[in-house]
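Me: I want to learn to read strand pairing and a chain interface. Can we work through an example?

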Amino acid sequence: MVRQIQIEIGNEKAVAVLLEEDAPKTCEGILKALPLKGGAIHAKFAGGEFYIATPIFLELENPTIKQDSGNIAYWPTRQSLCIFYKEVPGLGEVSLFAKVIKNLEGIQREGLKCWIKPSTPVEISEIRTPTGV
Amino acid sequence: MSDQKLIEIVKKKTREMWGAKPKEVNRALTEVKGTYGQSFFAALYAESTTRDLEMTLMSVRDMAKQEGVGLSTLKLFLKNTLECNLTYLEWGGLDDTVALIREVCIEIEKIDSKESLITILEQLISYFNRLNFWIDGDMPWFQLVGVYEWVMKEV
């Protein structure tokens, strides 16, 4: 069964699957750091994206620039976990490691709110009993 | 002070400020007054300096992992980088961070291995990154962007 994580932001909860075949080291590193909590900061240049600080150092893996809505990536330069709630052309390579599969709409609602008022509390945790995809 | 003690000091400070917003963030954003009594530029300095320091220290960490880059050069570069930014951290009202960095600058000379240096760098990177997130999260960017766009059209 593919491992999953839960993203809680504001009033919304979403589920994402880990792309362990594409980014095994990043997935492992992120899982070890969970639960992650922080305030969401909205991207100032990239577009529909918000991110939270992480206390971990991971090398670039499965590098991607252009992001689809629902992509979740690790940004090595800023030690941040980035959640793309819109399609984003991208400004630099990040490690794509997960994809939102449930309640992307909720993430999108909170992402827009974060642009207006940042620092929405976010918590990311592992789902111990993954639901079917 | 040993390398390990310095690492522990920075680690402890980072842990303390990770989950709870440091008091100096509010001071930076609203209490430090600059020219004509405004607090905007202190906030800007606090935000930009912490962000720049995180990225610069990340670059130093990458350099430290390279073969052929000497420990003494790295220590000198780190000390100079931190000391150069102290003024802007002070102007930004980040007094607790200034105190921490002054302590780090004194102890840098005693670091005796690249491994210890990298560990200290990683702690400092995490520290400044998290601090920047606290500051960034409290800046009224949306309103500032609105005013900026309006003013620039008027000009």
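Me: How many bridges join strand β5 (residues 63-64) of chain A to β8(A)?

Reply: First, the conventions. This is a predicted model, where local features need pLDDT of at least 70 and side-chain atom pairs count only at pLDDT 80 or more, while totals for chains, interfaces and linings use all residues. Residues are numbered from 1 along each chain as its sequence is written, chains are lettered from A and ligands numbered from 1 in the order written, and side-chain values use heavy atoms, without hydrogens and water. Strands (E, at least two residues) and helices (H or I, at least four) are DSSP runs, numbered from the N terminus. Two strands pair if DSSP finds at least two bridges between them. Here, 2 bridges join β5(A) to β8(A), and the strands run antiparallel. Thr64(A) stands opposite Val94(A).

Me: Which residue of β8(A) is the bridge partner of Tyr74(A)?

Reply: Ser95(A). Strand β6 (residues 71-75) of chain A is joined to β8(A) by 4 bridges, antiparallel. β2 (residues 12-18) of chain A also pairs with β8 (residues 94-102) of chain A, antiparallel over 4 bridges. There, Ala16(A) faces Val100(A).

Me: How many residues of chain B are in contact with chain A?

Reply: Contact means heavy atoms within 4.5 Å. By that rule, 20 residues of chain B touch 21 residues of chain A.

Me: What is the count of salt bridges between chain B and chain A?

Reply: A salt bridge puts a side-chain nitrogen of Lys or Arg within 4 Å of a carboxyl oxygen of Asp or Glu. The count is 2. One salt bridge links Glu54(B) and Arg78(A) (3.3 Å, N to O). On the side of chain B that touches chain A, α6(B) gives the most, with 9 residues.
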